[in-house]
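Here is a walk through one protein chain. Keep the structure in view and follow the stops in order.

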Amino acid sequence: MHHTLSQIIILLAISVIAVAIFRRIKLPPILAYLAVGIVIGPYATGLIANNESISLLAEIGVAFLLFSLGLEFSLPKLIANRKAVLVLGSAQVTATILIVALIIWLIGASIEMAFVIGCVLALSSTAIVIKQLAERLELDSRHGQLSIAILLYQDIAVIPMLVIIPALASTGNGAENFTTHLLISLVSGMIVTVVMLAIGHWLLRPLFHEIAAAHSAELFTLAVLLVALTSAWLTHYAGLSMALGAFMAGMMLSETEFRHQIEADIRPFRDVLLGLFFITIGMLLNIPALLPNLHWVLVAALAIIVIKTIATMTMSIFIMNASRGVALRTGMVLAQGGEFGFALVSLALSAGLMQEQVSQLVLAAVIFTMIFTPFLIRYNGWAAKHFYASYSRSRLELEDNIKTETAGIHNHVIICGFGHMGQNIAKIIDQENYPYFALDYNINIIQDAKNAGYKVYFGDSTHKEILNAAGIDKASVMIICHDDIATAEKTLLQ
């Protein structure tokens, strides 16, 4: 007990220092946790040995991550973006799995291992990508929207992977046994899903109404933890993964009015325990054994980046008719491996589908792709302009189109951001017969606004050239209606 407590204290102390340093140099905290795991693990300093208690906490962290994902899973949102999410997302994941699995199989691996590695590398890092895009104010850009749609499908695709991979462990006894095991897993999953959805429909909403009526934040948080962990335990007891149960619990609560409060309550537990998960992954890396093969690790990392960039780019062009520049930026954004890939590697190791040496190479390559990600996201715009002159021309054409639209007006109002607030302001201005020019860079918002009869144009007000093209020098007023504070501040600085 005291030994475990001392290990946890050491983990927390080193993690605090590492996360602070990585934030100072503007690198994701995930990389800090991985670095901590590498340094203190049994293959480096040996400060921390593999501990079942720490591993359990790390697994609970993954469960909480899936629980949070379930809270974000909205069926209406999925339906609204069904082409980008379902068609583009499935095509990107399937293409990556097939390409990677074929290469691994040709090298000499078994079909089962090739499939598992394909699944691992098909996933990208939701945590890193969304954080980096948000910091660069690119979440609503064209490549940002495509990236988020694909990430949403990838996160959903993790669920069947968590069911299939353990079933693959039975292939040593023949295809018939594998099919039987897979059917049993799927049927078990369906039964558990139906039971949990029934519980969610008939019990959870009334339960949380009663808890909310008690006006006790402590009771509310306890209830959230109870629901998340109980759901994870139920699926684990049924022979499925804890993460699957946590996801379904989050999905059950996603349509309730308590979703945002639940998400706020669960975030501290999720972030801390997920940090422990990444630390345990870092502890798996045998750095002394990898050093002689470091060149192969770098080659593998670069190959992952190239394969994923080309696969994503190709699918974006053919399915979404994206320009080559936008498709390239989308591919570079999603070129890394993801946090769920680590969970799949751990699952494959425990199921005996992957050798230790192979897992070391895969983990190291994925970690290197994650290290490269901030730079890929930072410079993908430059790459698009450098490789595709049409991308630069499209920017110039956009500015020319805006200049053409504003050529005949002056003393107008420029509305930056055309969500609900921007549309309400435009309605008032229009009733007063006063000219306005609205800008937004979210394609969905623009389309919905145009369908409602508003005049709004595609353009990012955080770029000085766009504001000049909109006639800011001859406008009477500029109103900033962005719901994102960082975007509003950046617009002000132009």
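**Two helices side by side**

This is a predicted model. Begin with helix α6 (residues 111-122) and helix α17 (residues 356-387), which pack at an angle of about 15°. Their axes are 11 Å apart. Angles under 35 degrees count as roughly parallel, so α6 is roughly parallel to α17. The crossing of α6 past α17 is right-handed. On the α6 side, the contact is made by M113, I117, V120 and L121. On the α17 side, V358, V362 and V366 make it.

Now turn to the aromatic rings. A pair of such rings is described by the distance of the centres and the angle of the planes. The structure holds four aromatic pairs. One of them joins F418 and Y454. Their centres are 5.4 Å apart, with 80° between the planes. Planes over 60 degrees apart count as edge-to-face, so this pair is edge-to-face. Where do the two residues lie? F418 is in the loop between β1 (413-416) and α19 (420-431). Y454 is in the loop between α20 (443-451) and β3 (456-458). The pair therefore ties together parts that are 36 residues apart in sequence. Both F418 and Y454 are buried.

Another pair is formed by F437 and Y457. Here the rings are stacked, 4.6 Å centre to centre, with 5° between the planes. F437 lies in strand β2 (residues 436-440) and Y457 in strand β3, so this pair ties together parts that are 20 residues apart in sequence. Are these two residues buried or exposed? F437 has 2% relative accessibility, so it counts as buried. Y457 has 24%, so it counts as partly exposed.

Next, look at the backbone in two loops. N321 has a phi near 55°, a positive value in a residue other than glycine. Find N321 in the loop between α14 and α15 (324-333). N321 has a relative accessible area of 69%, so it is exposed. N411 also is not a glycine, yet has a positive phi of about 55°. N411 sits in the loop between α18 (389-406) and β1. At 42% relative accessibility, N411 counts as partly exposed.

Finish with confidence. The mean pLDDT of the chain is 81. Of its residues, 88% reach 70 or more. Which element has the lowest mean pLDDT? Among the elements of the chain, that is helix α4 (residues 75-80), at 64. Helix α14 (residues 294-320) has the highest, at 93. Where pLDDT is low, the predicted coordinates should not be read in detail.

Key:
Residues are numbered from 1 along each chain as its sequence is written. This is a predicted model: local features need pLDDT of at least 70, side-chain atom pairs count only at pLDDT 80 or more; totals for chains, interfaces and linings use all residues. Side-chain values use heavy atoms; hydrogens and water are left out. Rings of Phe, Tyr and Trp (its six-membered ring) pair if their centres lie within 6.5 Å; planes under 30 degrees apart count as stacked, over 60 as edge-to-face and the rest as tilted. Helices (H or I, at least four residues) and strands (E, at least two) are DSSP runs, numbered from the N terminus. Buried means under 20% relative accessible area, exposed over 50%, partly exposed in between (1.4 Å probe, protein chains only). pLDDT is the predictor's confidence in each residue, from 0 to 100. Axes are lines fitted to C-alpha atoms, for helices over the stretch in contact, and angles run from 0 to 180 degrees between N-to-C directions. Angles under 35 degrees count as roughly parallel, over 145 as roughly antiparallel, 65 to 115 as roughly perpendicular and the rest as oblique. A crossing is left-handed if the near helix is turned anticlockwise from the far one by less than a right angle, and right-handed if clockwise. Contact means heavy atoms within 4.5 Å.
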